[in-house]
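Have the 3D view open as you read.

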Amino acid sequence: MTQEIVIAGFGGQGVLSMGKILAYSGLMENKEVSWFPSYGPEQRGGTANVTVILSDDPISSPIVNEYDIAIILNQPSLEKFEPHVKPGGILIYDPNGFQHPPTRKDIHIYKIEAIDTATMMQNNKAVNMIVLGGLLQVSPMVKLDNVMLGLKKSLPERHHKLLPMNEQAIMKGMEIIEEVQKPS
């Protein structure tokens, strides 16, 4: 099993953190892991993306040209990464703020209204955990227990009191993700 994943959006949306938690979760399951972040000099508000590879076999390179899964949180990232999802692959996006939805017909497309859900939960910082929950519902590549261990490892100890709220956000993401298109 190898999953090559890109997570992309604006800086400040928790893109890099989501990738780091996924990578730590893979390590907890003794998988081979690569976490390869990329962001512009402006960070918060600029575009950011991270490539995460989880594999049962050694990973030859962290550089990927085509992805099994793309998680897209803004329009510029959709335009950049949608063409690079492998045929039959998965694209997950939050439609909030998109002028043009995904157009590929040869991939699975899922939408998750994470921004609106986080607002309803009165926790705008939970967007990335809601999306992570959606990913795990669609492609359960790591166990939830290990995600929580990965989250605990990536959060500073002073924020460990937020772990139950993050777990609640992950569970909510698992509930609300919906497939809007199957490959034709």
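## Ground rules

Helices (H or I, at least four residues) and strands (E, at least two) are DSSP runs, numbered from the N terminus. What you see is a predicted model, where local features need pLDDT of at least 70, side-chain atom pairs count only at pLDDT 80 or more, and totals for chains, interfaces and linings use all residues. Residues are numbered from 1 along each chain as its sequence is written, and side-chain values use heavy atoms, with hydrogens and water left out.

## The pocket

On a 1 Å grid over the protein atoms alone, a pocket is an open set of points where a 1.4 Å probe fits, with protein on both sides within 12 Å along at least five of seven lines; lining residues have an atom within 4 Å of a point. The largest pocket is lined by 31 residues, and Gly12, Gln13, Gly14, Ser17 and Asn128 lie nearest its centre. Helix 1, strand 2, strand 3, helix 4, helix 5 and helix 6 each give two or more residues to this lining. Which helix gives the most to the lining? That's helix 1, with 5 residues.

## Helix 6

Now for helix 6, residues 163-176. Its buried residues (under 20% relative accessible area, 1.4 Å probe, protein chains only) are Leu163, Asn166, Ala169, Ile170 and Gly173. They cover an arc of only 115° around the axis (taken from the directions from the helix axis to the C-beta atoms), so they sit on the same side of helix 6. These buried residues pack against helix 4 and helix 5, with contact meaning heavy atoms within 4.5 Å. The face turned away from the buried side carries Pro164, Gln168 and Glu175, which are exposed (over 50%).

Conventions. The expected span of a helix is 1.5 Å times one less than its number of residues.
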